[in-house]
Each structure stands twice: as structure tokens, then as C-alpha cells.
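Q: I am new to this structure and would like to learn how to read it. Could we go through its features together?

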Amino acid sequence: MGHGHHHHRHDHEHGHDHGHAPTAPLPAAFDPSVPDEALNPEQQSRRSLLRRAGLLGAGLTAGSVLGATAAMPAYAATPAYAATNGRRTGGFLWLAGDHHIHTQYSSDGKYRVVDQVRQGARHGMDWLVITDHGSATHAKIGVDKVNPDIRAARDAYEDTLVFQGLEWNIPGAEHGTVFVHPGRNEVSVLKQFETDYDGSVKGASDSTPANEALAVAGLAFLGEQVRRRKVRDALMLANHPARRGVDSPHEIRAWRDATVPGPQIAVGFEGAPGHQAAGLPAPLGMARARGIYDNNPGANSFAGYPLESYRTWGGFDWMTATVGGLWDSLLAEGKPWWITANSDSHQVYADTAVRGPGGDFNTDGRYQDPVYGGRIDITQGDYWPGQYSRTHVGADGFSYAAVMDGIRAGRVWVDHGQLISGLDVRVSGGSRWATLGGALHVRKGAAVTLSVDVALAGGPNWAGFTPRLARVDVIRGDVTGPVSDQDTFTAPTAKVVKSYEIDKTSGTVRLTYELGRVDRPLYLRLRGTDGNRSGVGPMGAAVDPAGPAIDVVGDADPWRDLWFYSNPVWVLPS
């Protein structure tokens, strides 16, 4: 059974590159040679987060998790780096980030680029993507004007990787993050892409075959820019895919396969949308739905989706939250498709800023800089990057290329509310092993073991409490190959095969699951919960006896219902 990973890397980058080589020094907050008093406030905040999570030793000595060791778990924030010289000796650097962030260059945004980057750094984000809305105004003005602000933020916050991207109005469908590796052509490529392939700019929003073909052509355009080395790399991740029911299964498959063979551009979707504070009940919040998932089917919605798909489940999109559902149907084909979680930050809950007076968005391509508004605004539904949602990427160094490679490879796990501090997943058979996004190739009939190390929450989150992990579920499904019906959104073999009750409140938990002797291709993925809300999954108790419960519109406090999810690992016997 084929497993299509497409790794792509160039040795050169045209023009000025703000990235770091894979062997570049660690960010200052991670570097034990940098004393606390030498850190700026954002770096001090990040170091405090790492210490509370148990990922940095109190003395930052060679005996801490920064110490060089061949057995360093993947959850360590800086695995297998020698404390004495910062040189890596193996493992991955797990970098937290957010690929869905808006600024004053969005028609419904407010903040400066530097505001979002400063807050992201404060909340432990290592990488961020600025994704202002695609529109005629943005294509004409904003994509150019935001670039100097992004470059200034890169210089001001050198320990945070800041990508330029945009939120693509996918022709015939929903929205998606598109971003490119920094370089001389980042603006020109994004500008041409938006001008030629954005559904809003082109008047191509309806679900028609022609518009769906335009979306595929847009992805092919990005793949061509990478092939021609106009940009070093480009990625697309679909945003809030089930929110309006307009991302049909066949469209998602078409995006996934649009540039294969070659560098895969469309690599996944939001497992959990932003706007999580929107679910806070009155009078505490705006009393809408988590993710603002309070829609119903419309003229362009895929008719096969059930009504419950328009709601979040434990804060996660129905496509991801349903065991045996759409995400599993994609994984059962044996092809990579990953999940993320992010803020979709526009207007932040409990903030005091308002848009500055004067100016005209349509003329200027931006709003005036924010000013103090004189009150705490609890009518908004967003959090700052890293304040609630985190996407953790296993990178081979601190660089733009390493983050993009890690995302494309599927070395990703996500969490809400800092439910856990870290996750190390290894599937082994004989002398071989694979981790998230990878494939373990073994002889048919070989014994295979899943080993999981979960670093529990190491301190209080933004809401002021230390989360407690109650349970971890192992989900398993067979790889059955390509589907004949491209609108398939079920996977009959996927189900929860093992649940572990967690009785510890700190430190690390080791979980082991024996798969036995494997004679057919399969995949495994993980899910964990604080145990506050659960219910029988949409496919029934035999498939998912205690999955996330559907969120109640108007009464869904996101801090009382925390989950983490991992991307899959494949096992391929031959």
C-alpha cells in the first residue's frame, strides 16, 4: 500500500533569507548559555513557560533535558542539544506555532503585526503566519504594505519565525492558509496567487466545477513557483473546514493530490478552529459557538453532511473529532493529511484596544493603529496566538525551512489550554521505529509496539489553573487504499482500541500498547481529554464510547473542555 510522503528542499534561497540554517543557535530562551537577566521580557516569558512545563532544568545544566542523549524524548522542547555548546546530536526541536492570524490589514482585523508577534512570543509561540483575508483590496494594496511590517517584526523578535501568508478564499469552498518561505519573491508570488486564484477576487465562490478547478489550478501555481525556485517552499492548510459545509470530500481530496507527484502544497486542515472564546456563555462572553460554528446548510453546502457537522465537538471540527469520519477516511487511503489548531485571532477577548480613528480601509488597505478603548471587551471571541490553541511541529532545527518541512512531514500534535506539555510517540518493530507522520516498514507478521510519553501540564495556563489529563485514547484504522467514491467520508475500520486512565497530576506518563503481529497496513493516532465532557461518538459506542461531546451554542466554555490530538503513524508490513 503506498504511503505518499513528498519531501522537498532546495539548497539555495533567492534574495535575503530571514531563516536560520538547521545548525543555527537555539532561540535565546532555550539556550542555557544565556542567563535569565540577559533575556528580554518576551524571552523571559517563554523560558518561564518551558520551565513550568518541566522542559528546562532549573539550573539549565547539562543534566537537564537540554543535555545530549541518544534517548531524548521528542516532547523535550529542545531534544538532544548539548547544553554546553547548543549543538544538536539527534531528535527534533518541537516548535509551537499558529498559522492563522489577522492584523489591521484584514477588513475585520485590528492589531498591528508587531502586536500579534509580541503576544505570540509572550505565549510561547516559536513560529507564526500572518494571514490577512484575501480580497481585491488586499491583493492590490495589503499584500505589499504588510511586508515591511512583517520584516520589522522578524528583526524585533528574532526568536520568533514570522511567515507572510494570506487567508485564501478557496474557489468553490471555504478559506485556507497559504504561506511561503521568506525571500525576495514572497510578496510577488503571494500577490499573483491572490490576484489570479482567490475566490473573492475572481467572483468564484459558488460550488461549481469551474470554481473547483480554479482552486486546483491555484495550488498547481504554487507548486510551480516552488519547482522554479521562485520561492523555497509553499504550503496550504484548509481553515475551519466544516463550518459552512462547503468543503466537500472530493474537493479536499483534489487539493491534497493537486501537486503530486512533486512537493505537496495542500497538506491538511484545521483539526480545531480558532474563535474558541466565542463559546463563553453570557454574561462572561459573547454566547455564540466555539469557532463560531453556529451555521446551517446553505446553497453551496455538500448535501451529504449531517446537521451535527456544523458544530464543534470538544472544540474540534467534526471532520477531525469523528472517529471513523472524514479525517479517518483520508488516512485510510494511506496518504498524508494532517491536522492543526490555531487562534484565527482578529479581535481578542478581554482586550482593551480599539481601532484608531481616521483612515479608510478601502483606500489605505489597512486600519489605523489600535488605541486604548477604555474598557475590557468581553464581546469578542478570539484569543492571542498561543493563549489557548497550539500547534507543535517537530523540526530539524530553528529555521523557516525546518518548520515547513516538519508540517509537510506530519510531525505535528495539537492541544487546547496547555492540557499537556509534550508528547513523544514512537511505533517500533524490531530495530526500527517511526514517529508522528512517519511510516514504520516491517516484515509481515512482525510484532509492533506503540510507546507514548506524555509530559503532563507543568503549571497554570492563561485561565489560571493547571489542567489535568484524565484519559488518553489510541485510535486505530486499516489502510484500505484509494476510494472509488471521492465523496467518501467514513472509515468503517477506525475505532478506539485502547483507553488509558491517567492517575498522575505531574511529571511524565509512559503508555504502551501492543499491536501484536501485524499482517496488514494500518495507522494509529492519539487523543486525550481532561474528562470534563464526553459522549458516545457519532459512529456509535463500539467505535467511540467516550469521545468529545457536541458543543452547545451559547454555553461552551472552552476552558472546561480540553483535548489534545496527534497526527497518525502508519505501520506498513510487507
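**Packed helices**

A: Helix α3 (residues 136–156) packs against helix α4 (residues 186–197) at an angle of about 150°, and their axes are 10 Å apart. That makes α3 roughly antiparallel to α4, where angles under 35 degrees count as roughly parallel, over 145 as roughly antiparallel, 65 to 115 as roughly perpendicular and the rest as oblique. This is a predicted model, in which local features need pLDDT of at least 70, side-chain atom pairs count only at pLDDT 80 or more, and totals for chains, interfaces and linings use all residues. Residues are numbered from 1 along each chain as its sequence is written, and side-chain values use heavy atoms, with hydrogens and water left out.

Q: How are two packed helices described, and what are axes here?

A: Two packed helices are described by the angle between their axes and the distance between the axes. Axes are lines fitted to C-alpha atoms, for helices over the stretch in contact, and angles run from 0 to 180 degrees between N-to-C directions. Helices (H or I, at least four residues) and strands (E, at least two) are DSSP runs, numbered from the N terminus.

Q: Is the crossing of α3 and α4 left-handed or right-handed?

A: The crossing of these two helices is right-handed. A crossing is left-handed if the near helix is turned anticlockwise from the far one by less than a right angle, and right-handed if clockwise.

Q: Which residues of α3 and α4 meet?

A: From α3 come His138, Ala139, Lys140, Val143, Asp144, Asn147 and Arg154, and from α4 Glu186, Val187, Leu190, Lys191, Glu194 and Thr195. Contact means heavy atoms within 4.5 Å. By type, the residues of this contact of α3 with α4 are 4 nonpolar, 3 polar and 6 charged. Here Ala, Val, Leu, Ile, Met, Phe, Trp, Tyr, Cys and Pro count as nonpolar, Asp, Glu, Lys and Arg as charged, and the others, Gly among them, as polar.

Q: At what angle do α4 and α5 cross?

A: The axes of α4 and helix α5 (residues 209–227) cross at roughly 165° and come within 10 Å. The two helices are therefore roughly antiparallel to each other, and α4 passes α5 in a right-handed crossing. On the α4 side, the contact is made by Val189, Gln192, Phe193, Asp196 and Tyr197; on the α5 side, by Leu214, Ala217, Gly218, Phe221, Leu222 and Gln225. The residues of the contact of α4 with α5 divide into 7 nonpolar, 3 polar and 1 charged.

**Inside and outside**

Q: How should I read a nonpolar core?

A: In soluble globular proteins, nonpolar side chains tend to be buried together. A nonpolar core is a set of buried Ala, Val, Leu, Ile, Met, Phe, Trp, Tyr and Cys residues joined through side-chain atoms within 4.5 Å. Buried means under 20% relative accessible area, exposed over 50%, partly exposed in between (1.4 Å probe, protein chains only). The largest nonpolar core in this model has 91 residues, of which Trp127, Trp168, Met236, Trp255 and Phe269 touch the most other members. Apart from it lies another core, of 40 residues, including Leu440 and Tyr513.

Q: How many of the residues of the protein count as buried?

A: Of its 574 residues, 63% count as buried. The protein has 10 helices and 21 strands.

Q: Is Ile101 buried or exposed?

A: Ile101 counts as buried, at 0% relative accessibility, and is found in strand β1 (residues 93–101). Its C-alpha atom is separated by 7.0 Å from that of His346, 245 residues apart along the chain.

Q: Is Thr480 buried or exposed?

A: Thr480 counts as exposed, at 54% relative accessibility. It is found in the loop between β16 (471–478) and β17 (495–501).

**Backbone details**

Q: Where is a cis peptide bond found?

A: One joins Val260 and Pro261, with omega about 5°; Pro261 lies in the loop between α6 and β6. The peptide bond from Ala282 to Pro283 is also cis, with omega near 0°.

Q: What is phi of His240?

A: Phi of His240 is near 30°, a positive value in a residue other than glycine. His240 lies in the loop between β5 and α6 and is buried, with a relative accessible area of 2%.
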